[in-house]
Structures are given as structure tokens and as C-alpha cells.
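Here is a friendly briefing to read alongside the coordinates. Have a look at the model first, and then we will go through it topic by topic.

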Amino acid sequence: MILLQVLVGGLLLGAVYALFASGLTLIWGMMNFINFAHGEFVMLGMYVALVMTWIHAGPAAFGPAATVALFLLGVLVYLGLIKHVMRGPMLSQILSTFGLALLLRYSAFAYFKSDFRTLPDSWLTGTLGVGGIYIGKAQLLAGAIAGLLALGMHLLLTRSALGSRLLAVAEDRSAAMLMGIRPDRMQALAWGLSAASAGIAGALLATVYPFSPEVGQTFALTAFVVVALGGFGSVPGAMIAGIAIGLIEQAAAYSLGPIYKDVVVYGLFVAILWVRPQGLLGKL
Amino acid sequence: MLLETQDVSKAFGGFVALAEASLAVEAGEIVGLIGPNGAGKSTFFNCIAGDLAPSGGRIRFDGVDVTEEPPEARALRGIGRTFQVPATFEDMSILENVMVGAFLRHSQARDARTKAVEVLRLTGLEAQARQPARTLGTPGRKRLEIARVLATEPKLLLLDEALAGLTPAEIQSAIALVRKIHALGITIVIVEHIMEVILTLTARVLVFNQGRTIAQGRPQEVVSDPKVIEAYLGHQHGARGRRRR
Amino acid sequence: MSARWTPIALWAALLLFPIAVSTTDSAAFYQDVGANLILAAIAASAWNIVGGYAGQVSVGHAIFFGAGAYVPLVIYNLWPALPPLVGLPLGVVVAVLIAAGIGVPSFRLQGHYFSMATIAVAELVRLVVSNWDLLGAAIGIQGPATPRGWWDLIFRSSVPYYYIFLGVLALTLAITSGMERSRFGYYLRAIRAGERAARRLGVPVRRTQLKALMLSAAHTATAGSLYAFKLGFVNPESGLGILVSVQMIIVAALGGAGTLYGPLIGALILIPLQSATNTWFGGGGSGLTFILYGGIIVILARFEPGGLLELWRRLSARVARAA
């Protein structure tokens with residue numbers, strides 16, 4: 001029974017991982033660029049949820065608010081910063097999002113303080129007993145929504161006209177330009193989508209776990225592992241890998257304790273980087 | 001026999017870019033490779049230079065099978081090549097660019113510099129030695145590209161459309177440079193579209209079309225070979241050529 | 001001011017600094033900042049070899065710093081009769097071995113992916129060390145409490161540290177300068193400017209990058225050891241934390257990555273600035289310091305990737321043209 005509990009917990013958490021990792025891998029696939037501030041986007045999503053509670057909006061508002069706020073932030077970051085550093089040396093590309101991460105993280109520390117917070121009780125509070133195991137209502141909902149959104153993102157990319165334009169830019173920029181697609185616009189959109197996926201994942205996570213500005217770093221590393229495992233630029237890969245990492249993490253936490261769970265995940269990360277850097281579904 | 005390729009082929013997925021390319025080059029020759037766009041000439045060059053691993057066939061250089069060797073190793077053996085689009089080290093000076101090449105045979109900076117200056121003199125770039133490479137125009141870059149490779153003291157020099165985009169006057173001086181290089185004892189294989197260059201410089205020409213060699217011989221003979229003419233004409237008129245990768 | 005005299009003036013100023021401030025009220029404080037500044041310059045200069053000259057942006061250099069910091073103190077804890085100083089060469093060896101170990105698989109990865117890999121490895125090591133009792137786990141380990149002789153390198157004043165660090169900095173920069181003008185240096189620049197073109201000219205890319213990493217690791221470890229001697233203490237956060245890596249990068253990038261004096265210039269500006277914000281804002285200071293860091297890095301990346309030396313070069317060229 002405990003095993004089933006761990007399994008379900010891992011699946012649900014994994015779905016959230018899949019969601020925000022999809023955003024990260026989208027950018028990587030499109031622009032050969034890793035957003036080192038992605039974890040902070042997740043963290044900001046959590047705080048958007050908090051701010052929503054300050055204005056007494058219900059949990060149903062968290063997701064949409066985080067989506068809009070982070071989408072805008074993503075687009076702004078692209079237009080104001082990323083677009084320009086893309087043409088520059090590698091060092092400035094890497095520094096740009098690193099600096100952004102520091103800026104966001106410590107601004108959050110300054111404004112929200114470092115205490116761990118939880119969201120106030122709402123209709124999400126409480127657990128459900130299903131077949132002998134207990135799942136938090138929030139946990140279940142968060143996982144389900146995340147899973148649907150991740151799937152939705154995949155479908156958007158592969159089945160819609162917009163999606164095919166995005167993928168065209170990822171595949172071959174110059175060819176895309178010749179077809180009348182504006183890479184700049186598509187890239188801005190991709191950044192918006194990527195940030196939004198992180199933001200909404202954060203909002204969902206905030207309903208389940210306590211949070212503080214420092215968790216951004218942990219989520220960033222989680223996102224990296226998932227993306228590395230799933231494969232460069234592959235959203236379906238990120239989805240599968242997200243679930244896998246969620247499961248592995250919960251299993252490791254259960255059998256080895258919370259300290260060693262991190263060691264397992266990062267050990268896995270390093271192993272992937274060295275043994276199969278292209279991940280499960282990616283091409284290097 | 002300095003260079004010998006046997007049935008070298010290269011396929012990208014289902015697309016066969018090169019099939020059964022066989023070429024034998026003696027030391028001291030100047031050989032030309034011609035053919036319409038997408039015929040496989042650059043692919044062939046890439047295989048010889050080590051930038052591409054052939055799907056089949058073998059390449060022997062100076063008696064050694066080099067098919068598996070990476071570009072760095074082949075440079076050490078004495079195979080040098082230039083690229084159509086020169087990839088100069090933009091922020092380094094022209095002298096420094098050439099020194100990078102010279103360091104292959106001279107481990108001390110002093111000696112590398114001496115060699116580099118010598119090469120700059122040969123290629124007519126000596127006056128601009130201290131300028132950053134990015135200040136050069138296209139003809140200058142092409143010269144620099146050649147100078148860099150020359151500094152590695154190659155036995156075989158592969159020139160990939162080194163004269164494209166030059167004015168007639170520039171072409172003349174480029175031809176003179178190639179002659180000077182040849183006079184140093186370096187074997188040259190040159191890919192070129194400009195017929196005048198092929199006719200004046202080369203003693204032997206290999207014609208490619210759609211990945212295969214269709215003719216070989218003296219330039220004057222090859223140019224009037226009906227198969228060759230058809231390859232060029234057919235390419236102009238008929239179906240659009242395959243996209244060059 | 002002639003370009004040739006500037007470095008001489010700089011070194012003269014650095015040599016005289018502790019003496020010059022010794023008559024002021026906060027002499028001890030200034031001298032301490034000075035020592036920290038020089039140490040930061042050493043670490044950043046070490047990073048510069050692989051991050052600036054070779055163009056491989058390692059964000060996990062803390063792993064080498066930590067090796068240099070931990071090994072001497074671990075040696076001391078195991079064999080208290082020995083001075084931690086004997087651990088310095090050993091720390092360097094450990095760091096170089098780690099560099100060899102991670103360099104080989106990591107250099108296959110391109111650009112951002114390489115950087116991500118370095119973060120992952122460094123974080124993994126930090127986690128492992130945090131849970132390893134022999135190394136003090138999360139609490140950390142200490143060196144000798146009181147000096148048994150000069151070789152324990154425990155001084156009450158920051159001034160001896162300052163001069164020792166200055167000597168090491170001079171050595172590091174001398175080695176880097178020699179490297180710049182050698183074949184190795186040219187090859188590094190060529191790889192950074194265009195790997196494919198470099199390969200064609202016979203440059204052994206992987207081997208050269210590996211050498212750069214190992215050289216960088218050795219110097220970084222030395223900086224780590226010096227840190228451990230001065231502070232007498234190291235823990236996973238101060239020795240292996242990501243901020244250690246980030247500081248090295250910012251300091252080098254601010255002055256100008258890939259230049260000889262860039263890291264020193266960066267340190268000259270950033271370390272006093274950091275001290276100032278820490279003291280002005282009190283307890284909340286370190287948080288604001290990082291907001292400042294973040295802001296500086298973003299502005300640097302966006303507007304002047306070449307750092308202050310590049311900015312200076314452009315401005316003086318403009319002034320020269322106007323004159």
C-alpha cells in the first residue's frame with residue numbers, strides 16, 4: 001500500500017515536473033539556449049498564487065494569474081535581454097539568465113522574506129481516500145491539471161498552425177524566414193509559453209507544498225535533469241522524463257531518506273550527461 | 001601516389017551525395033574537380049579532409065590509410081584545405097591567424113611567427129599583418145584562408161572554390177598565387193566553377209555529376225566531352241537540382 | 001597615460017595599499033577587504049583560463065575551489081601534527097585529477113549544455129560532501145585554532161595574508177601571461193574563435209581544452225587553500241556552493257574575461273562594493289548584494305560582454321579619434 005502511495009505521489013509530482021520541463025526544453029530546442037532562470041519562473045508562479053490569496057481570489061484564479069503574469073515576463077525577458085545576447089559570445093548568453101536568476105531570487109527574498117509559506121486553507125484542503133491510499137485533494141488536482149497542460153502543450157506544438165511555425169523556427173531558422181515566418185516573434189512567443197508553463201506549475205505546486213524564494217534553485221536543477229533525460233528539445237521526452245524523475249525521486253525519498261534522494265537524482269543527472277547526453281528522445 | 005581514394009561514397013540517410021569516387025593524384029600535380037552544383041565535389045573534399053566520415057570506400061594518403069582519422073590528424077599528415085566561406089578567427093590579427101597554422105610544425109612562438117611572416121609575404125598580406133582579421137574584405141579573407149593552411153606546411157592542398165566571388169583582376173592574382181604555391185612543391189586539388197581557372201591551372205580534371213565521376217582527362221578534352229556538356233546543360237534546364245546540404 | 005606604465009602603477013599601488021591605509025581608523029577592515037579582494041582576483045584569474053581564454057563557461061568551478069579548501073583541513077583533522085599547508089599541493093593534485101575526470105566526458109557537450117553539466121557535477125559533489133562525516137558534513141571542518149608556528153598561516157592581522165595572496169596572484173598572472181604568448185595560448189584563442197577552423201589547422205581541440213581545465217583547476221584549488229588558511233574553516237556552502245562559482249565568473253566577466261588583468265579589475269570593483277553594501281544594509285545586506293550582483297551581470301551581458309576593459313578600450317579609441 002505504501003508503495004502505491006509512493007507511486008501515485010511520484011506520478012502526480014512527475015506530471016508537474018513534466019509541465020515546467022517542457023517549457024525549458026522548448027527554448028533549448030528552438031534556440032540552443034538554456035534558461036538558467038527557469039527555476040525562478042516556477043518560484044515566481046508560486047508567489048503569484050500567494051499574492052492572489054492576499055486579494056482574496058480563490059484557488060481557481062491562481063493558474064490563470066500565474067499564466068498571464070509569467071507569460072508577459074517571458075516575452076519581456078526575451079525582447080529586453082535574450083534577443084540581444086543571442087548574437088553575442090557564449091559567456092554573455094550564460095551570464096544573462098544567471099544574472100536574471102539572481103535578480104529574481106534575491107528580489108523575492110527582499111520582498112517576501114525567506115520564511116517558508118503555505119497558502120491558506122480553501123476548498124483544496126484535505127485528503128481523499130482512494131482504494132486504501134490517501135492523496136491530498138490539491139495534490140491530485142495539481143497533478144491532473146499539470147498532466148493535461150503538458151499534453152496540451154505537446155498538442156499545440158505538433159497539431160496547430162502556430163505550433164508548426166514554432167517548430168519550423170526551431171528546425172531551420174533561415175528556411176522559416178523564407179516561408180514568411182518571423183523567427184523573432186516566434187521566439188518571443190516561445191519564451192512566453194515557456195515562462196507560463198513554469199509559472200502555472202509553480203502555482204499548482206504552491207497549493208501542495210510550502211515554498212520560499214530558495215526553492216527556485218532546486219526546481220531549476222530538477223528541470224535540468226528532466227530535460228537532459230528527456231532529450232534536447234523534445235517535449236514528449238520531457239513529459240516522459242518528468243514522470244520518471246518524479247517517480248524516482250519519491251521512491252528514493254521513501255527508501256533512502258530525503259537527503260539521499262537528492263544525491264540519487266543528481267547522480268542520475270551526471271550519469272545521463274556523460275553516458276547519453278542526447279537523452280531518451282533527443283538528438284544532440 | 002600521394003593521394004588515392006577508392007570508391008569513396010557518402011550517403012545522408014537515403015540521399016546519396018557521393019558514390020564510388022575514385023581518384024589518384026601523384027605528388028606535384030594540379031588536379032581540378034568540376035561539376036554542377038550539388039554534384040558531390042564538396043562532399044568529396046570533406047571526406048578527403050576528414051570533415052566527413054565516408055559511408056564507404058577508403059582514402060590513402062602518402063601510403064597510409066587515413067579513412068578513420070579526424071581532421072586534426074590529417075592536418076598533421078599534410079592534408080590542408082580551405083573553405084568556400086572562409087572561417088577566419090575574427091578578433092585575432094592576420095598574423096596571429098596564420099601563426100595558429102604555423103604552430104602545427106613549430107612549437108615555439110618565435111619560430112611560428114617567422115614562418116607566419118614568410119607565408120604572409122608569399123600571399124601578399126604582409127602589410128596588413130597587425131590588423132584584426134575582421135577588417136579584411138572577401139578577397140583578403142580568401143587569401144588569409146590560404147595563408148593559414150599554407151603555414152601548416154601541407155603536402156596536399158585542397159582548394160574549395162577559393163576564387164569564387166573575385167573580380168577578374170583578383171582572379172588573375174589568385175591564379176598567380178596558386179602557381180607560386182605549386183612551385184613550392186605542394187600538390188593541389190582544386191574545385192572550381194570558373195572554367196578559365198581550370199583551363200589555365202590544371203593538367204587533369206575530374207568531372208562530377210549527381211555524386212558520381214562521369215569523366216576524367218585533360219581540361220580541353222573534358223570540356224568538349226558530350227557527357228560533360230549534357231551534365232551542365234541538363235542541370236540548367238531540367239529538374240531543379242537537389243538542395244545542397 | 002602610456003599603456004606600458006599602467007600595470008606598473010597598478011602593482012605599485014597594490015604593494016603599498018596595506019601600508020597606506022594603516023594610519024586610518026578602519027585600517028584592519030580595509031586590509032581585510034584588500035586581502036579578500038586579492039583572493040577573489042586569484043580565483044577569478046584561475047577561472048579565466050578556461051572560462052575566458054578557452055571559452056568554456058564552467059559554472060561549477062567551486063568544485064576545484066572546494067578541493068583546495070577541504071583537502072588541507074581534512075589532512076589537518078586526520079593528522080593534527082601536520083600543518084594544513086602540506087595539504088595545498090595535495091589539494092591541487094586532487095583538483096587536477098577531478099578536472100581530468102570531468103573534462104573528458106564534458107567537453108563533448110556544447111555551449112550551454114557544458115555549463116549545465118558543470119553545475120550538476122559541482123552540486124552533486126556538494127551534496128555528497130554535505131553528508132560525509134569525515135569531511136564535516138553540513139557543519140564543515142576547521143583548521144588549527146592557535147598557530148603553532150608560521151607554517152600554520154594563522155595571523156591576527158590581514159596584512160600577511162594580503163602579501164601572500166598578492167605573491168600568488170603575481171605568480172598566477174605570470175603563468176597566464178606566459179601561456180597567452182605560447183602555442184597553447186594561441187590554440188585556446190583559436191578554439192574559442194572557431195573550433196572547426198582550428199581543427200582543420202591541426203589544433204588538438206579536446207586535448208587543449210583539457211589542459212586548460214587542468215591548469216585552471218590547479219590555480220583555483222590554490223585559491224581555495226588560501227581561503228581555508230585565512231578563515232581556518234570551510235563548509236559545503238562556503239567551499240562548494242554555487243555562489244562561489246558565480247562570484248568567480250562575475251569578477252572575471254566584469255573586468256573582462258579572456259584578458260590578463262580583467263579579473264583583477266573586476267575584483268577591484270566588486271569586492272569593495274560587496275563589502276560596502278554588506279555594511280550599509282546590515283543584516284539584509286547580503287541579499288541586496290546579490291540583487292546588485294544580478295543586476296550587474298545582466299547589464300554586463302546585455303550591453304558590454306567584453307567587460308570594463310573592453311569598454312575602456314572603446315572609449316579611449318573614441319577619445320583618441322576625437323583628439
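Accessible areas come from the Shrake-Rupley method with a 1.4 Å probe, and for residues only the protein chains shown count as cover. By that method, chain A exposes about 11500 Å², with carbon and sulfur atoms supplying 69% of it. Please keep in mind that this is a predicted model, in which local features need pLDDT of at least 70, side-chain atom pairs count only at pLDDT 80 or more, and totals for chains, interfaces and linings use all residues. Residues are numbered from 1 along each chain as its sequence is written, chains are lettered from A and ligands numbered from 1 in the order in which they are written, and side-chain values use heavy atoms, with hydrogens and water left out.

**Chain A**

- Chain A contains 11 helices and 2 strands, where helices (H or I, at least four residues) and strands (E, at least two) are DSSP runs numbered from the N terminus.
- Along the sequence, the elements of chain A run α-α-α-α-β-β-α-α-α-α-α-α-α.
- Buried residues account for 55% of the 284 in chain A (buried is under 20% relative accessible area, exposed over 50%, partly exposed in between, with a 1.4 Å probe and protein chains only).
- Of the contacts in chain A with a separation of 6 or more, 78% link residues 24 or more positions apart; contact means heavy atoms within 4.5 Å.

**Chain C**

- Chain C has 14 helices and 2 strands.
- Its radius of gyration is 20 Å, close to the 20 Å from the globule rule for 323 residues, so chain C is as compact as a globular protein of that length.
- A box of roughly 55 × 50 × 35 Å along the principal axes holds the C-alpha atoms of chain C.
- In chain C, 57% of the 323 residues are buried.
- The accessible surface of chain C is about 13300 Å², and 69% of it belongs to carbon and sulfur atoms.
- C:Pro7 sits in helix α1 (residues 5-21) of chain C and is partly exposed, at 26% relative accessible area.
- The C-alpha atom of C:Pro7 is 8.7 Å from that of C:Tyr261, although the two are 254 residues apart along the chain.

**Where chains A and C meet**

- In this interface, 40 residues of chain C are in contact with 41 residues of chain A.
- The two chains bury about 3700 Å² between them, 81% of it on carbon and sulfur atoms; buried area is the accessible area (1.4 Å probe) that two parts lose on being put together, summed over both.
- On the chain C side, C:His112, C:Tyr113 and C:Met116 lose the most area to chain A, together 21% of what that side buries.

**Positive phi values**

- Most residues other than glycine have a negative phi.
- A:Lys113 has a positive phi near 65°; this residue lies in the loop between α4 (90-112) and β1 (127-130) of chain A and is partly exposed at 46% relative accessibility.
- B:Glu20 has a positive phi of about 50°; this residue belongs to strand β2 (residues 15-25) of chain B and is partly exposed at 48% relative accessibility.

Note on methods. The radius of gyration is taken over C-alpha atoms; the globule rule is 2.2 Å times the number of residues to the power 0.38.
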